[in-house]
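Colleague: I'm new to reading protein models. Could you walk me through one, feature by feature?

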Amino acid sequence: MNDLTTPTVLIVDDEPMNRMALAELLSGECRLLLAKDGASALQRVADEPDISLILLDVSMPGMGGYEVLRRLRADARTADIGVIFVTGHTDERDEERGLLLGAQDYVSKPIRPAIVKARVRNYLKLAMQRRELERLSQQDSLTGIANRRHFDEELARACRHARRSQESLSLAMIDVDHFKQYNDHYGHGAGDDALRRIAHTLAGVARRPYDLVARYGGEEFVLLLPGVVDVEAVLEQARREVMQLGIAHQMSTTASVLTVSCGGIVADAGRLPKTKESLLNRADEVLYRAKREGRNRVLTERF
Ligand code: GH3
Ligand code: MG
């Protein structure tokens with residue numbers, strides 16, 4: 001994982017001298033990658049998910065800059081990468097064409113170092129602000145874990161991936177038991193603290209690279225566990241670790257401490273329901289069975 005505060009810039013030019021000049025100019029500003037033609041630029045982009053900006057030469061042997069840009073914009077994974085054309089073509093029509101294709105900016109060769117540096121800086125500053133806003137928009141402000149919006153996006157993505165790869169997908173809903181009484185008795189502030197500690201505990205349990213824990217709303221959490229995993233074991237660990245936090249709950253009729261109920265489902269790729277809502281509903285049904293059967297327990301279902 002790259003340092004999120006240092007942006008990555010890809011320099012694409014068939015002339016080694018041009019690449020070196022730009023790299024030298026920007027070496028203190030960002031992490032730099034170099035490519036010598038259009039095809040290797042696209043390969044670099046496919047290998048490096050964190051590229052913020054591409055300084056793209058227009059005329060190169062083989063695939064030129066316009067075609068590289070067209071392909072970047074046509075692929076959802078790369079459509080948002082910034083592109084600044086660096087070109088000897090200073091014709092107005094060329095510049096218009098590049099901008100219409102979705103380039104952010106245009107600088108002409110021979111490059112004027114101070115101008116290029118300033119334009120790159122300006123773009124990177126905006127890109128970093130946008131990235132921070134995006135991060136905040138995916139985060140639950142109380143607990144710091146993912147929010148429902150982010151979870152819904154990731155669930156849709158995980159369903160598509162499961163269908164493509166024929167891997168199974170596991171999902172769980174986790175709900176705090178008797179939390180209304182906890183709030184009523186200990187106060188809303190204590191309730192908030194408890195939710196933070198529970199969120200942190202759940203995040204510690206689901207920690208494979210594509211696992212996701214989110215706050216779904218109120219005192220309800222969701223867990224997304226793509227691929228093959230022993231859901232029952234993960235949820236049982238979550239349930240146990242929440243209990244072990246030892247958050248006293250005198251008003252609970254289930255235990256002397258705060259507890260959670262968990263409803264998990266394992267969906268085989270071939271049997272994934274059409275919509276992610278029906279997947280969530282099934283997990284919700286299992287959760288409510290866990291509630292009815294006495295709370296502080298894990299139930300799972302496979303289909
Ligand atoms: P059950 O065991 O059946 O789940 O009962 P419950 O009391 O946990 O469920 P209920 O849905 O009746 O109450 C949920 C409570 O969660 C109500 C609300 O006050 C509390 N709650 C929801 N969001 C927050 C929050 O952000 N902070 C705090 N402190 N409390 C919250
Ligand atoms: Mg509850």
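Modeller: A residue counts as buried when its relative accessible area is under 20%. Take S168: its relative accessibility is 11%, so it counts as buried. Keep in mind that this is a predicted model.

Colleague: Where does S168 sit, and what is it in contact with, leaving aside its neighbours within four places in sequence?

Modeller: You'll find S168 in the loop between α6 and β6. Once those neighbours are set aside, its contacts are P226, G227, V228, V266, A267, D268 and A269.

Colleague: How do I read the backbone angle phi?

Modeller: The general idea is that most residues other than glycine have a negative phi, and most peptide bonds are trans. Now look at Q166: phi is near 60°, a positive value, and the residue is not glycine. R295 is another non-glycine residue with a positive phi, near 65°.

Colleague: Where is R295, and how accessible is it?

Modeller: R295 is in the loop between α10 (276-292) and β10 (298-302). Its relative accessibility is 29%, so R295 counts as partly exposed.

Colleague: And the peptide bonds? Which kind is the one from K109 to P110?

Modeller: That one is cis, with omega near -5°. P110 belongs to the loop between β5 (105-108) and α5 (113-137).

Colleague: Next, the metal. Which residues are the protein donors of the magnesium ion (ligand 2)?

Modeller: With a metal, you look for the atoms that hold a donor position around it. Here the protein donors are D175 (OD), V176 (O) and E219 (OE), at 1.9 to 2.3 Å from the ion. Along the chain, the donors of this magnesium ion follow the spacing D-V-x42-E. V176 is in strand β6 (residues 169-176), while E219 is in the loop between β7 (212-217) and β8 (220-226), so the pair ties together parts that are 43 residues apart in sequence.

Colleague: Are V176 and E219 buried or partly exposed?

Modeller: V176 has 1% relative accessibility, so it counts as buried. E219 has 23%, so it counts as partly exposed.

Colleague: Can we zoom out? How many helices and strands are there in the protein chain?

Modeller: The protein chain has 10 helices and 10 strands. Its radius of gyration is 25 Å, well over the 19 Å that the globule rule gives for 303 residues, so the chain is more spread out than a compact globule. Along the principal axes, the C-alpha atoms fill a box of roughly 75 × 45 × 25 Å.

Colleague: What share of the residues is buried?

Modeller: Buried residues make up 46% of the 303. As for the surface, the chain exposes about 15,700 Å², with carbon and sulfur atoms supplying 49% of that.

Colleague: How do I read contacts and charges over the whole chain?

Modeller: For contacts, check how far apart the partners are in sequence. Among contacts with a separation of 6 or more, 64% come from residues 24 or more positions apart. For charges, compare mean positions: those of the 43 positive and 45 negative charges lie 2 Å apart.

Key
Residues are numbered from 1 along each chain as its sequence is written. Chains are lettered from A and ligands numbered from 1 in the order in which they are written. This is a predicted model: local features need pLDDT of at least 70, side-chain atom pairs count only at pLDDT 80 or more; totals for chains, interfaces and linings use all residues. Side-chain values use heavy atoms; hydrogens and water are left out. Helices (H or I, at least four residues) and strands (E, at least two) are DSSP runs, numbered from the N terminus. The radius of gyration is taken over C-alpha atoms; the globule rule is 2.2 Å times the number of residues to the power 0.38. Buried means under 20% relative accessible area, exposed over 50%, partly exposed in between (1.4 Å probe, protein chains only). Contact means heavy atoms within 4.5 Å. Accessible areas come from the Shrake-Rupley method with a 1.4 Å probe; for residues, only the protein chains shown count as cover. Lys and Arg count as positive and Asp and Glu as negative; His and the chain ends are not counted. The place of a charge is taken as NZ of Lys, CZ of Arg, CG of Asp or CD of Glu. Donors are N, O and S atoms within 2.8 Å of the metal (3.2 Å for Na, K and Ca); water is not among the atoms, so sites may look incomplete.
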